[in-house]
Amino acid sequence: MKEGGTAQRRSVCTLTGMAIGFRAFLAVALDGGELYGSGWIVLTAGMVLSIPVAAALMIIRRLFPHEEAAGALSGAGGRIGVRLTGTALFLILVCDAGSVLQMMSTAARYVAAPESNRNIIKLVTALTAAAAAALGPCAAAGAAVLWRRLAAVLIVLLILVQAPYFRPGWLTPVLGPGIPVLMRGALPAAGIFSLTAAGWLMLEREHDPDGKAMLRTLMKSGAVTAALATVLAMLVPGMADAPTGRAFRLGRLLANDRAGLTLELPYVILLYSGMLTMLVFEVTAAARAIGMALPALNSRMGAMAAGGLAFCLSVSDLARQEKAALLSVWYYPVILSAFVLLACNAVIRKKMRKAGNAPERSGDR
Amino acid sequence: MKRINGLFALMLAAVCFVMSGCTVKNVEAQAYAVSLGIDMTEEGGIGAAVQVPSLSSGGSSESGGGGDSAYSFSEAKGDTLTGALEMLNAGLPRELNLTGVKCIVVSEELARSEKFSEVLEEMSQAYRVYGAAEVIVCRGQAAEFIRGQKPVIGMRLSESTAVEMQHYRDLGCIPSARAADVYYMSRSVYGDPVAVYAAAGSSAENTGNEEELIAGELPEQGDRENQYYGTALMDGGRMTGILSGEETQLLNVLLGEIEYFSWVVEGVPVRINVSSGPEVRTDLRGSVPVIEVGLRFNMMTSKEGLEEEELKKEIERRLNEMTRQCQAAGADPFRYAEWAARSFLTVEDWVRYGWKERFPEADIRYDVRVKRIEL
């Protein structure tokens, strides 16, 4: 039983870590401004900024060790608190899933099918993600565990083959565009890393008694992503007035344009599988979040609602690169304020209870 | 649950179907260009030419042993590169596909013009031009140059071109000049790009000085129509000078691209091996950047008559001469900018320093050491 629990925790953490890491990487590589060789600083800063969110999750878990995620949040913030938090997380996740769907259709058209209809690509992918999410977090998490092994092999292969082309000089000047620009870039990255909160919703309480699982996941994901951004920066130089469109950026990302065609296959496999993992994570977590906000909605309905809304957003203007970048700036403040407020509220309630000023209860349910 | 599983499997199959692109990108319906030539027209527009394996030759795409019928040649003109490629596409019986282009040949006239920067920009934006294709600047017309490309050894032009380029790169007489690198470096905040220098045929104007030989001057005769020898120097996105084949070898040594090369010094053939370096140190405190470069060589020769000190002086002389040429051309192909940029915290500070303006005046000192070793 214990082994099964550990496996469940590991697989959910793997899914969360891979999804948020890959999404943060794409946010910097595709939608961020020109960071020269300093993408790793943005990602590291994003990860550090998200630590308070993971810490808030840890506090809530420790204060409510016998409750599942929804119960713990309810205990921390009451019925309204949990509904507001669930709705906010749901909206952020479907917004981001819409943006990911848009990226996937751009990538599919860039790589192989320029004449294909964007919306059909998005619809089929959204339905697939919704169907996978309807199977529950364990299905997506199991796939992520398998995917992690393949991804590691592909990344090592790519690094080994391209090592002779690395140009460490492109990592300098170290601060790239300067601290203010890096900090502005760190905000969307922090928003993505804060989605560890969404992963936490999928984790069962007995598998994470000390509440540190998501903190560890966040740190690992941030470190690996920053390391990969460093590798990427040694393959493509910073350009002062380079085009910023997603198609051009994809060209830089896929085989970085300097490698032989043969390397494009592992890059494409990495990109698609990573994006699918990311999308399935977001839709699955969104289904959990909406289930928390609207308990009457069962998990399948939640998954279909999340997938459907993500598709609708992906065909709207909100998923376009500029709008998505603007929106992503708000993820972090919303998630941080929601979870920090919940944690503070939980601590105050606990202290009040200890002082005998509050009724003995663990939630409003 | 079974229904969900079934739906999931169905959706997964649909994703594979939609995203594979097999329904819309039939290989047989594509014209995969092997070479792309770009010229400036007399009217100031752009001419584009391609070599495409001919499917009509014996039913095999690239068979035919290099005969004229194995490849189809097409060219078209337009106001811009995009326009010329569209015209070219309209004239071909299949859709032009540039994902497999092995080399992009640009005429020297175009490369030296202001328009080249725009062409590079369009190339980077054009749908999937192969980024690892070699960029070649040729004396004369690029269209004529690619028409003269043929597999002298072997059957396939695509393979032959790639192998030929690798061979010259190994010798060190041409630089590595991937299309993506040329574009990136023309826009980057670091040094400048370089391209392979080539010419169709050999002219009679042979200087007789091996040090100064460039493509088109090599005293050779054979089936090969095109010569690749030397480097086209660029200042940003415009060609500003040429390095000879032997100077290119030194450039490749400074870039760490080759380990061995051979020279004839004072009548003595000598094989030179780079044992360590380059070790680059930059000092940007003064108004003129000071760059110190340390290089260690081993010399191997079976003949007497050439001392270590003589070879050291000869290498230093040639390095200084080559560097002066690059500085005069306003080109930093050595990547010294990447070393210098380490002294700055932000790109803004680095750009404000004005490396491009200061580099032509830079004081570059080579510290060469040579050690004789047994063959």
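How many of the 365 residues of chain A count as buried, as a percentage? The answer is 59%, where buried means under 20% relative accessible area, exposed means over 50%, and partly exposed is in between (1.4 Å probe, protein chains only).

Before you click around: this is a predicted model, where local features need pLDDT of at least 70, side-chain atom pairs count only at pLDDT 80 or more, and totals for chains, interfaces and linings use all residues. Residues are numbered from 1 along each chain as its sequence is written, chains are lettered from A and ligands numbered from 1 in the order in which they are written, and side-chain values use heavy atoms, with hydrogens and water left out.

**Stop 1: all of chain A**

Select chain A and switch to cartoon. You'll find 13 helices and zero strands; helices (H or I, at least four residues) and strands (E, at least two) are DSSP runs, numbered from the N terminus. With a radius of gyration of 20 Å, close to the 21 Å from the globule rule for 365 residues, chain A is as compact as a globular protein of that length. That radius is taken over C-alpha atoms, and the rule is 2.2 Å times the number of residues to the power 0.38. Along the principal axes, the C-alpha atoms fill a box of roughly 70 × 45 × 40 Å.

Now try contacts, meaning heavy atoms within 4.5 Å. Among those in chain A between residues at least 6 apart in sequence, 84% join residues at least 24 apart. Colour by charge next: chain A carries 34 positive and 19 negative side chains, with the centres of the two sets 5 Å apart. Lys and Arg count as positive, Asp and Glu as negative, while His and the chain ends are not counted; each charge is placed at NZ of Lys, CZ of Arg, CG of Asp or CD of Glu.

**Stop 2: helix H10, residues 264–293 of chain A**

Is H10(A) enclosed or open to the outside? Because 24 of its 30 residues are buried, H10(A) is largely enclosed by the rest of the structure. The expected span is 1.5 Å times one less than the number of residues.

**Stop 3: helix H13, residues 331–354 of chain A**

H13(A) has 24 residues and reaches 34 Å from its first C-alpha to its last, close to the expected 34 Å. Its buried residues include Tyr331(A), Phe339(A), Leu342(A) and Arg353(A). What do the buried residues of H13(A) pack against? Show H2, H3 (69–111), H6, H7 (196–201) and H12 (321–328) of chain A.

From Leu342(A), jump to Ala55(A): 287 residues apart in sequence, 12 Å apart in space, C-alpha to C-alpha. Ala55(A) lies in helix H2 and, at 25% relative accessibility, counts as partly exposed. Just after H13(A), Gly356(A) takes a positive phi of about 80°.

**Stop 4**

Most residues other than glycine have a negative phi, and most peptide bonds are trans.

- Tyr36(A) has phi near 55°, sits in the loop between H1 (2–31) and H2 (39–63) of chain A, and counts as buried at 16% relative accessibility.
- Arg335(B) has phi near 70°, is in the loop between H9 (308–328) and H10 (336–340) of chain B, and counts as partly exposed at 23% relative accessibility.
- Thr172(A) to Pro173(A) is a cis peptide bond, omega near -10°; Pro173(A) is in the loop between H5 (137–162) and H6 (179–193) of chain A.
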